[in-house]
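Please consult the model shown here while reading the account below. The text is intended to be followed with the sequence and the coordinates in view.

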Amino acid sequence: MWDTIVLGSGIAGLTAAAALAHRGQRVLVLEQHLTPGGQTQTFQRQGWTFATGVHYIGGVGPFPGPDGQFGRLLAWLSNDQLAFAPCGNPYDIVRLPGLEFGIEHPEAAYRQRLLERFPHQRIAIDRWFGQMAQARRAAMSLFAMRGMPAPLAWGLKLWRGAEVEAMSRRTLAEALAEVPDPQLRAILGARWGDYGAPPEHAPLLEHALVTGSYNAGAWFPVGGPSRFAQTLLSVVQGAGGAVELGASAERIVVEGGRVAGVDFSQHGQPHSVRAPRVISAIGAPNTAACLAESAAREWQAELLGFKPGLAYLSLYLGFEGDIEAAGASAANVWIYESLDIGSAWRQPADEDAPGLFVSFPSLKDPRSGDKPTAEVLALCEAAPFEGWLGRPAGERPEDYLAFKAWVEARLLAQFERHFPALAPMIRFHELATPLTQQHYVRAPQGAMYGIVMDAGRLASGALNVRTPVNGLLLAGQDVSGAGVQAAAMSGLMAAAVLEPALLRQLMG
Ligand SMILES: Cc1cc2nc3c(=O)[nH]c(=O)nc-3n(C[C@H](O)[C@H](O)[C@H](O)COP(=O)(O)OP(=O)(O)OC[C@H]3O[C@@H](n4cnc5c(N)ncnc54)[C@H](O)[C@@H]3O)c2cc1C
């Protein structure tokens, strides 16, 4: 009998479990994969270490107030075992045909550089930053409501509801349409890949929240993102809890209308564990798939009705030599092949990616050693992989392997065109496809950031931390929106529902 069972060991599951452990709870974490951490996990190939779903994190700098709040929470959660290194300034570089622009922190510096580069666009720039501040406020209210008891959420809705609704419905494309200069427009919209919704559908609220999280700087975990699982799970274990790897939750057991435990399979064997509370951080549709049809039927149907967001391809590169001297830096590079920054890769075998995100994690982590790496990402439609998605792990037919090899070669050539000095230093490359993402974190259709990010999702009442099933709580990026910080906060909110004393920590 456990105090609480947490499903999933991504950052949301980890923060929930560690927070409960700090309150003295014995928590069992069930993770289907053999490596914990979800998208914060890392992997090795021939001595090179690659991160999967973390390139930069905001809110962890040594600042008082909200700019450093996430860092203070992580320090407390991990017993001061997590440290972060700055990603430099600029921390994001937007590369468009004929123009390269570095995005700096603090936000005032970013704004100043824009005014210097586009002196005739002052009105548009001022309007843009005003809207960003308003949309960020709305985002904070919306996601806070998702963790609050209904009467408080109702009160906040009365106060801020109109602004939240307006900012949820307003798309990034609508805001960009008010910017006359096409280059400026492309720079302001370039980072939609941080949450994976093209401008046409992206709620301005999510764009403001995610890009704004870097306004005080961007940081990378010292020792790599796997430090999240290492440090937070040791806190869980220190309080008498445990983590089971290769443990796939099959059924959330509900008895007499309340959660009673979880049935899971591990190495082909069925297991059953009991607990009066379950925090599910495995994604909203995956959670619904673990419930009997009769448990909160309408809610389940709503969760299952959400479509997965865009998928992605990721090329992992290992180098030999001094990549910094050859033009790499700790800043991420957002590359677009044209000023039309709004589309995902539709036909990866037949055309170049319209946009690339390039990150050099080894230059961000002071402990990375002498094996330099890069990760090249391109958001893509899942459709070209449709026929192969959902096949059992390890089943990779010849036609898939041939397709993958072709796409890998294309992506590699595109990278080499943009970074010619790095090309001769490449010693290793490997492509991850939507099948990889589906296999390692059970992301439906290989989606990069869970369910599709649009106004409908933000308006839904189904994605709250509290669920209609007594004792079952929901956490993770589907509740909070994309990103390590957001997902972690949803885990903490879920823990605070069970242990209200944690609220003081959350507010501090
Ligand atoms: C390529 C990429 C780059 C990214 N870059 C950044 C970045 O630079 N900065 C940033 O802030 N965010 C980034 N993100 C987003 C960020 O990684 C995610 O939003 C966040 O980590 C999601 O955390 P989570 O806990 O909600 O989900 P996950 O990390 O997906 O965790 C869910 C866990 O549940 C497990 N699971 C699923 N089903 C079951 C089951 N039935 N039983 C048991 N376990 C199960 C999965 O294996 C997984 O471990 C990136 C994401 C990707 C994919």
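The structure is a predicted model, in which local features require pLDDT of at least 70 and side-chain atom pairs count only at pLDDT 80 or more, whereas totals for chains, interfaces and linings use all residues. Residues are numbered from 1 along each chain as its sequence is written.

The chain is divided into domain 1 (4–44 + 69–83 + 222–306 + 451–507), domain 2 (106–217) and domain 3 (310–446), with bounds that come from an automatic or database domain assignment. The centres of domain 1 and domain 2, taken over C-alpha atoms, are separated by 28 Å. Their contact takes 16 residues from domain 1 and 18 residues from domain 2; two residues are in contact if their C-beta atoms, placed from the backbone, lie within 7 Å. On the side of domain 1 that touches domain 2, helix H14 (455–459), helix H15 (477–480) and helix H16 (484–498) each supply at least two residues. H14 gives the largest share of this side of domain 1, with 3 residues. By class, the side of domain 1 that touches domain 2 holds 10 nonpolar, 5 polar and 1 charged residues. Here Ala, Val, Leu, Ile, Met, Phe, Trp, Tyr, Cys and Pro count as nonpolar, Asp, Glu, Lys and Arg as charged, and the others, Gly among them, as polar. Helices (H or I, at least four residues) and strands (E, at least two) are DSSP runs, numbered from the N terminus.

A residue is buried if 20 or more other C-beta atoms lie within 10 Å of its own, exposed if 12 or fewer, and partly exposed in between, with C-beta atoms placed from the backbone. Leaving aside neighbours within four places in sequence, Val-236 is in contact with residues including Ala-17, Val-27 and Val-29.

Strand E15 (residues 332–336) is mostly covered, 5 of its 5 residues being buried. Asn-332, Trp-334 and Tyr-336 point one way from E15, and Val-333 and Ile-335 the other way. In a regular strand the side chains alternate between the two faces of the sheet. Strand E6 (residues 92–96) runs parallel to E15 and is joined to it by 4 bridges, whereas E15 and strand E16 (residues 355–359) pair in the antiparallel sense over 4 bridges; pairing requires that DSSP finds at least two bridges between two strands. Trp-334 is the bridge partner of Val-94, and Phe-357 in E16 is the bridge partner of Trp-334.

Helix H13 (residues 434–441) is largely enclosed by the rest of the structure, because 6 of its 8 residues are buried. The cover over the buried residues of H13 includes E14 and strand E18 (426–432). H13 is followed by Arg-442, whose phi is positive, near 55°. Arg-442 is partly exposed, with 18 other C-beta atoms within 10 Å.

Most residues other than glycine have a negative phi, and most peptide bonds are trans. His-267 has a positive phi near 50° and counts as exposed, with 7 C-beta neighbours inside 10 Å. The peptide bond from Asn-89 to Pro-90 is cis, with omega near 5°, and Pro-90 is found in the loop between strand E5 (84–86) and E6. A cis peptide bond also joins His-105 and Pro-106, with omega about -5°.
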